[in-house]
Protein chains: 2
Amino acid sequence: MDALEAVRKRYSFRGSYKNTPVPRDDLKKILEAGLDAPSGCNKQTTSLIALDDPELLKEITSLVKKNGFNGVNPPAGICVLTQKVPGYADKYFYVQDYSAAIENMLLAITALGYASCWIEGQVTESEETQERIAKLLQVPAGYTVVGYLPVGVAETEGRHAERKAFRERAWFNKFDG
Amino acid sequence: MDALEAVRKRYSFRGSYKNTPVPRDDLKKILEAGLDAPSGCNKQTTSLIALDDPELLKEITSLVKKNGFNGVNPPAGICVLTQKVPGYADKYFYVQDYSAAIENMLLAITALGYASCWIEGQVTESEETQERIAKLLQVPAGYTVVGYLPVGVAETEGRHAERKAFRERAWFNKFDG
């Protein structure tokens, strides 16, 4: 799929997934897209764990979902980890790093014909959730669980979020220009 | 260009740009890619100003560059603004929002045959720099300048940053699995 088309087509899917498995080859392409993202001072603070074990998926989905709002029964998922180390001096870029990695993965997921949703608040708003996921995935100290992406084929297509008009958010050579 | 190819080909270019102008149509496509990025709770906190005015470009390039390290004489650029408003309750996602927008733009820039570099620390490490850019672009209160992307055709190809091996950063079903 064309890059600009993938950018346009990506959206946050919050419905039911088909039980069609996601082949490891596709998960690997998605992970590689995440690792190809830039990082502040090339610190490569983002690490990723792809999930296709049904028991693990069930446990993690139940930990992150609220009222089934963020995807029902995804056949795969990706857990996003960060190392909170500075880029230089006291400047931290790890949020930027994992956000760029997540966006790359969402585009790869879209390009490969799957749906997903960036789930972050439901992971990070509770340290207990973060720690339970870390324990399940045997994540060592020094890494923090910051996000989760379900991956699968959408059962029915969802809707793109409504957006402000271009002229309200982008201009040439000066604000509101 | 294919989406996964754009992800692989994107890299941080820090050399000289050709003086070939970047047509407004291409800048618009790049801005649209930025605005198409997801945002926490759809708050759309990111705004963008594309630059193709030579005088403005010269002033802004001189403000953000250190020893010419981040691109010499780009014929265009994009200034990234954020509104620091919460996604919900006391949870802020504006860094995630502008990072996803920047990554989308870097991929669009790559897909359209241009080079760029995510410039952030050199903008945000000095409030004076942020304020001088804001003043030049007539950015009102409530918006903060957080990044800058030069845009143009690379005079000579740069190098991709070296990366850790896949197995050091990505696994299946458990950490280091």
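Which strand of chain B does S1(A) pair with, and in what sense? The partner is strand S6 of chain B, residues 170–172, and the two pair in the parallel sense over three bridges. One of the residue pairs there is A:Ile49, whose bridge partner in S6(B) is B:Trp171. Before going on, please keep in mind that this is a predicted model.

Now the interface as a whole. The size of an interface is often given as the accessible area lost when the parts come together. Between chain A and chain B the buried area is about 5900 Å², and carbon and sulfur atoms give 58% of that. On the chain A side, A:Arg169, A:Asn173 and A:Phe175 supply 14% of the area that chain A buries against chain B, more than any other three residues. The contact involves 68 residues from chain A and 68 residues from chain B.

What kinds of interaction cross it? The count of salt bridges between chain A and chain B is zero. Polar contacts are there, in 44 residue pairs across the interface, with both residues at pLDDT 80 or more. Five elements of chain A each give two or more residues to the side that touches chain B: helices H1, H2 and H4, and strands S1 and S6. H4(A) gives the most, with 11 residues. By class, that side of chain A has 38 nonpolar, 10 polar and 20 charged residues.

Next, salt bridges. Side chains of opposite charge can pair when their charged atoms come close. Over all chains, the structure holds 12 salt bridges. One of them joins A:Glu103 and A:Arg10, with the closest N and O atoms 3.9 Å apart. A:Glu103 is in helix H4 of chain A and A:Arg10 is in the loop between H1 and H2, so this pair ties together parts that are 93 residues apart in sequence. Both residues are buried.

A second example is A:Lys58 with A:Glu55, again at 3.9 Å from N to O. These two lie three residues apart in helix H3 of chain A, about one turn of the helix, and both are exposed.

A:Arg132 is partly exposed, with a relative accessible area of 47%.

B:Ser39 is in the loop between helix H2 and strand S1. Is B:Ser39 buried or exposed? Its relative accessible area is 17%, under the 20% cut-off, so B:Ser39 is buried. Its side chain reaches the backbone nitrogen of B:Lys43 at 3.2 Å. Leaving out residues up to four places away in sequence, B:Ser39 touches B:Gln44 and B:Asp97.

Key:
Residues are numbered from 1 along each chain as its sequence is written. Chains are lettered from A and ligands numbered from 1 in the order in which they are written. This is a predicted model: local features need pLDDT of at least 70, side-chain atom pairs count only at pLDDT 80 or more; totals for chains, interfaces and linings use all residues. Side-chain values use heavy atoms; hydrogens and water are left out. Contact means heavy atoms within 4.5 Å. Buried area is the accessible area (1.4 Å probe) that two parts lose on being put together, summed over both. A salt bridge is a side-chain nitrogen of Lys or Arg within 4 Å of a carboxyl oxygen of Asp or Glu. A polar contact is a pair of N or O atoms within 3.5 Å; within protein, one must be able to donate a hydrogen and the other to accept it, and residues adjacent in sequence count only if both atoms are side-chain atoms. Helices (H or I, at least four residues) and strands (E, at least two) are DSSP runs, numbered from the N terminus. Ala, Val, Leu, Ile, Met, Phe, Trp, Tyr, Cys and Pro count as nonpolar, Asp, Glu, Lys and Arg as charged, and the others, Gly among them, as polar. Two strands pair if DSSP finds at least two bridges between them. Buried means under 20% relative accessible area, exposed over 50%, partly exposed in between (1.4 Å probe, protein chains only).
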